Amino acid sequence: MTNEPHQTHELQLKNREKLTVSDVQEVGSFDENTIALVTGHGLLIIRGENLQLKSLSIDGGQVCVSGLVHSLDYEENKKSGFFKRLFG
């Protein structure tokens with residue numbers, strides 16, 4: 001994966017309950033408290049409660065998440081380091 005974004009990366013959060021993310025290349029992992037998305041701008045970690053993937057369009061690179069969002073964090077594009085800590 002290159003560090004150059006392939007398309008515009010956007011986040012839209014409505015009332016902390018509906019999140020739309022563009023430029024998603026891969027869904028790394030997800031459960032009701034944490035979702036990891038690989039984007040063109042790094043690994044995006046979404047933390048919250050009752051998180052659900054409502055729609056996923058890898059061809060279009062768009063993901064919609066519902067649930068109560070507590071935080072959005074970016075990590076470096078080192079997938080192995082994150083997944084090692086997550087599943088390690």
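Modeller: The following account describes the sheet, then its core, and lastly a salt bridge.

This is a predicted model, in which local features need pLDDT of at least 70 and side-chain atom pairs count only at pLDDT 80 or more, while totals for chains, interfaces and linings use all residues. Residues are numbered from 1 along each chain as its sequence is written, and side-chain values use heavy atoms, with hydrogens and water left out.

Six strands form an open sheet in the order S1-S2-S6-S5-S4-S3, with antiparallel pairing. Strands here are DSSP runs (E, at least two residues), numbered from the N terminus, and two of them pair if DSSP finds at least two bridges between them. Strands of a sheet pair through backbone hydrogen bonds, either parallel or antiparallel. Strand S1 (11-14) and strand S3 (24-30) are the edge strands, each pairing on one side only. On average, neighbouring strands of this sheet are turned by 35° against each other, direction ignored; the axes are lines fitted to C-alpha atoms, and angles between N-to-C directions run from 0 to 180 degrees.

Lys 14 stands opposite Lys 18 in S2. The hairpin of S1 and S2 has three residues between the strands, and Asn 15 takes a positive phi near 55° there.

The largest nonpolar core has 11 residues, among them Leu 19, Ile 35, Ile 46 and Val 65. Such a core is a set of buried Ala, Val, Leu, Ile, Met, Phe, Trp, Tyr and Cys residues joined through side-chain atoms within 4.5 Å. Buried means under 20% relative accessible area, exposed over 50%, and partly exposed in between (1.4 Å probe, protein chains only). Strands S2, S4, S5 and S6 each give two or more residues to this core. Leaving aside residues up to four places away in sequence, Val 65 touches Leu 19, Ile 35, Ile 46 and Leu 51, among others, where contact means heavy atoms within 4.5 Å.

One salt bridge is counted, the term meaning a side-chain nitrogen of Lys or Arg within 4 Å of a carboxyl oxygen of Asp or Glu. The side chains of Arg 47 and Asp 73 meet in a salt bridge at 2.9 Å, N to O. Arg 47 lies in strand S5 and Asp 73 in strand S6, so the pair ties together parts 26 residues apart in sequence. Arg 47 is partly exposed at 32% relative accessibility, and Asp 73 is partly exposed with a relative accessible area of 32%.

Key. Helix = DSSP H or I, 4+ residues; strand = E, 2+ residues; numbered from the N terminus.
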